[in-house]
Amino acid sequence: MAGVTGTVSDGPSGGDGTAVPGHAAAAGQPDRARAEQQDAATLFRELESSPEGLSDAAAKARIARFGPNAIAEKRINPLLKFLGYFWGPIPWMIEIAAVLSAVIRHWPDLIIIMVLLLFNALVGFWQEYQAGNAIDQLRKSLALKARARRDGAWREIDARELVPGDVVRLRLGAIVPADVKLFEGDYLSVDQSALTGESLPVDKKPGDVAYSGSVAKQGTMLGLVVATGMRTYFGETARLVSTAHHASHFQKAVMAIGRYLIQLSLGLIGLLVVVELLRGQALLRILEFALILAVASIPVALPAVLSVTMAVGALRLSRMKAIVARLDSIEEMAGMDVLCSDKTGTLTQNRLTLGEPVCFGTSPQELILAGTLASPADDRDAIDTAVAAGLTDPTAGQGYAQQHYVPFDPVSKRTESTRRGRDGGVFRVSKGAPQVILDLAQPAAEVRSAAEKAVEGFAQRGYRTLGVARSDDDGTSWRLLGLLPLFDPPREDAAATIAQAQSHGLTVKMVTGDNVAIGRQIATEVGLGSNILAADALTSDGADGALNAAAVRKIEAADGFAQVFPEHKFAIVKALQAAGHLVGMTGDGANDAPALKQADVGIAVSGATDAARAAAALVLTAPGLDVIIRAVEEARRIFERMNSYAIYRVTETIRITLFVVLSMVIYRFYPITTVLIILLALLNDLPIMTIAYDNAWLAPAPVRWKMQRVLTVASTLGLIGVVETFGLLVIVLHYFSLSQAQIQSLIFLKLSIAGHLTLFVARTKQRFYQPPFPAAPLLLAILGTQTVAALIVGFGLFVTRIPWIDIGLVWAYCLGWMLVEDQAKVLVYRFLETKRSMPGTAPAT
């Protein structure tokens, strides 16, 4: 049952028939705009076809010309994709270190380096494998079979064999196999919600276009295939998915940190090599030590530690009913400041509901009963079901035998049912478009005026309205019973969830395929606001569909968008990204797939189609936006863990590299041996992966990588560490009676202790002794490694033994400097916050 008031979109063109950018016609195929505008006879001539269809020979020739009716696939060799993870500045440095290790036969170093390199590549490859199959899922959504007229006879063929010019039959339950121009039949009601997001079936009549991927709900019609494969509306969605991409902020952050550390390390190591060569040291010995120092300072484990941190976070999110398909989207989620939310099924219940009836001379229940009786005895659609659900007594319609039923069609715009009542009397009931029912019943002027005013009021609130009338004779005289408003109600938790999102610094914008009135009503009810724009009012700068500056400003100011198609969603997300926002997009249909993949965080809600789930970075397995809020909270905690590790890693590189180089330049003294550097790298980096389980502070607003802040804090802590360690070296050289080998053991212990104590300082912006406190796994891992380090130097395992009293003194020395570092950290953060809040000062990036 259709025929309700309120405009519905029936295609991707504008209201005046103008085409959406990006749809030039393929050779021999009419583009979508022309297919909508031209009549069927003209299209038959253009396509050299007729209502009798094509011959097999002609169809085979066109398959060769146009290609199969399928989504084009671009396959990338999995091996090449995997090898791509070994390409880049950080992998290059690690690979060079591996080659040098092999040349000088340092096999333990080579094994450690290759394991870390391979581990990071496997993590990255697996996450991309999990998230990169959106095109496959879209292709699976196409109809598998189609009824086509070939050589004058109807036959069932594979949908991929359809070509422009074929004639197909569409009926109840059929998936439309291509874009077709309907030319014969009374009407066809199609569900195209998976394409456009419209919540109600759309009525098609001869001359309309039915789109590939939509589903026939009522009626039977014949259609002329005008577009196949990638030229269809469905294919355009797939094309947008395949071209959607954005650079990961996580990857940019890793690259920025890596470049800084590599440049710093290579600069200092280069200085060391030059000085040692001038002093006459053997080149091989210098290169050997420089290599080991490079391995210790270059962030070999940086990508791996950050990936493991996100992977452990993804496991936590899965327990919250949110499955992460793309690991680096966790970091994007932490910084997300705009959430574009699909309306149907996300903000609303996706369940058509009967509103408060308007009665004229009857009771509400009698009106609803009449509307129910005006439906077919079986095979009821969503509107019929919603009307029947309004009966307080579900059995009220029993005992009214249906003698005849006239279904809805686009011409009459109403249904009519002849019923025999329980008393044996025969009567007729009809429901349909209010204007049609008013013309049928011809009520008094004041009644008509009241009805029209009520219909207008419902339309302003975004409701669809049915008129209901009854005839107690042969249908010559009708009596208006009233109006039945229908709407898709908001989810019960939508308003509270949106308020919670806003309290987290998230701006929520609604995106829907329904009209402006419906969008505005729902947006107002859930607390989004009433500034809802029609998507076709947004203008582009050129053929690529890019939105102009004025449109971008409108998008930023709007509370939502209505009458939206995939191209619009895609462009809205890109415009917000170009304006500097990290954008999340929720959706459930194939129509959402391009924007889901383009968004920084594509979120497929519970019950989403396979295409939407495949394109998304986050897949929800429980209903409600509250799952998203919990995911955002967890993502911000994960981000804090990664930020803590980044500060720690930069600090350690500065501390170790600068100290070693200064010691050798000033004192001509190797403060630590190659074996101790390897042990230090192992004791520092391997246990540090437990930071993935650490307790972290929850930021009240979106968080992003601010490299200036990270490097400023880390450089400050690193330089303090250099002063701290160099000071200890000076004290030991002048006041302790230790051999050179014992001094090296003592410096090793100091670097190991101070490194992990620095992590306690770096993991929070507050004092290290304030909550959130370190989690048990992190604390136990650090205590365990420090016990190992103490045993190594205390018993002389692999190194020269030092007295236990000296071990205690080193611990006391490091704890004292920990307080100095903590105070410096607090002051630096305070300075950065003050600087950021100064007028005219851009925030750190």
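1. Leu797 sits in the loop that joins helix H29 (776-795) to helix H30 (804-837). Helices here are DSSP runs of H or I with at least four residues, and strands are E runs of at least two, numbered from the N terminus. This is a predicted model: local features need pLDDT of at least 70, side-chain atom pairs count only at pLDDT 80 or more, and totals for chains, interfaces and linings use all residues. Residues are numbered from 1 along each chain as its sequence is written, and side-chain values use heavy atoms, leaving out hydrogens and water.

2. Leu797 is partly exposed, at 42% relative accessible area. The cut-offs are under 20% for buried, over 50% for exposed, and partly exposed in between (1.4 Å probe, protein chains only).

3. Ala382 belongs to helix H16 (residues 382-388). Ala382 is also partly exposed, with a relative accessible area of 42%. Pro201 is 181 residues from Ala382 in sequence, yet their C-alpha atoms are 8.6 Å apart.

4. Lys204 is part of strand S6 (residues 202-204). Lys204 is buried, with 0% relative accessible area. Its side chain reaches the backbone oxygen of Val209 at 3.0 Å.

5. Helix H21 (residues 549-557) has buried residues Ala551, Val552 and Ile555. They lie on the same side of H21, because their arc around the axis is only 100°. That arc is taken from the directions from the helix axis to the C-beta atoms. Arg553 and Ala557 are exposed on the other side of H21. An α-helix has 3.6 residues a turn, so residues three or four places apart point the same way.

Key. Polar contact = N/O pair within 3.5 Å; in protein donor to acceptor, adjacent residues only side chain to side chain.
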